[in-house]
Amino acid sequence: MSPRIDHIGVAVRRIEDHLALYTDALGLGGAHVEEVPSEQARVGFVPIGESDIELLEPTSPDSVLTRFIDKRGEGVHHVAIEVDDCAAALARLKAQGLRTVDDAPRPGARGTKVAFIHPSATGGVLIELVEYGQARD
Ligand code: ZN
């Protein structure tokens, strides 16, 4: 797989309040919604070409998403890049002295492994690394 934007994450209070914009108004097609317990979130993916818009809804008042929305309001939360090997990508970043949110990959939506690079290392953008591995098969 060549490098690509896997998805753009958008923090929202309620996925259903925003799905119609993407599926009906923009005509992007059906959404895949699932719960991601490790993120204390429900996520809704709307396909757009080779990428997706990921709507992120907090499922707990303690979720980092709840704090994000309380502080900044709904809006763009992160940009996700597909990588072949999430652990190797993390190790490379750390070797270069870049600050990461995660020390090791963790389970993400759609059976992926994910890890985040801290916004302080990226000019203010939270970047998610996504590895599909067996999840694509
Ligand atoms: Zn994401």
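This is a predicted model: local features need pLDDT of at least 70, side-chain atom pairs count only at pLDDT 80 or more; totals for chains, interfaces and linings use all residues.
**Exercise 1. The zinc site**

Find the protein donors of the zinc ion, and work out why their arrangement is irregular.

*Solution.* Begin with the atoms around the metal. The donors are NE2 of H7, OE of E54, NE2 of H78 and OE of E128, at 2.0 to 2.2 Å from the zinc ion. Next, look at the angles: the four donor atoms subtend 86 to 174 degrees. Four donors count as tetrahedral only if all angles lie between 85 and 135 degrees. The angles here make the arrangement irregular.

**Exercise 2. The donors along the chain**

How are the donor residues of the zinc ion spaced in sequence, and are H7 and E128 buried or exposed?

*Solution.* Reading along the chain, the spacing is H-x46-E-x23-H-x49-E. H7 has a value of 2%, so H7 is buried. E128, at 6%, is buried too.

**Exercise 3. Core and pocket**

*Solution.* First, the core. F68 is one of 10 residues in the largest nonpolar core, together with A11, V36, A41, V43, F45, L56, L65, I69 and A109. Both β3 (41-48) and α2 (64-72) supply at least two residues of this core. Another core, of nine residues, lies apart from it and includes V83, C86, L90 and L93.

Second, the neighbours. Leaving out residues up to four places away in sequence, F68 touches A11, G73, G75, V76 and H77.

Third, the pocket. The largest pocket has a volume of about 740 Å³. Of its 36 lining residues, V64, F68, H77, F116 and L126 lie nearest the centre. Helix α2 gives the largest share of the lining, six residues.

**Exercise 4. A residue in a loop**

Where does V101 lie, and which residues does V101 touch beyond four places away in sequence?

*Solution.* V101 sits in the loop between α3 (86-95) and β6 (106-107). Its relative accessibility is 43%, so V101 counts as partly exposed. Beyond four places in sequence, V101 touches R106, F116, I117, H118 and L126.

How values were computed. Residues are numbered from 1 along each chain as its sequence is written. Side-chain values use heavy atoms; hydrogens and water are left out. A nonpolar core is a set of buried Ala, Val, Leu, Ile, Met, Phe, Trp, Tyr and Cys residues joined through side-chain atoms within 4.5 Å. Buried means under 20% relative accessible area, exposed over 50%, partly exposed in between (1.4 Å probe, protein chains only). Helices (H or I, at least four residues) and strands (E, at least two) are DSSP runs, numbered from the N terminus. Contact means heavy atoms within 4.5 Å. Donors are N, O and S atoms within 2.8 Å of the metal (3.2 Å for Na, K and Ca); water is not among the atoms, so sites may look incomplete. Four donors count as tetrahedral if all angles lie between 85 and 135 degrees; four count as square planar and six as octahedral if opposite donors are over 155 degrees apart and all others between 65 and 115; anything else is irregular. On a 1 Å grid over the protein atoms alone, a cavity is a set of points where a 1.4 Å probe fits but cannot get out, and a pocket is an open set with protein on both sides within 12 Å along at least five of seven lines; lining residues have an atom within 4 Å of a point. Grid points are joined across faces, edges and corners, and a volume is the space filled by probe spheres set on the points.
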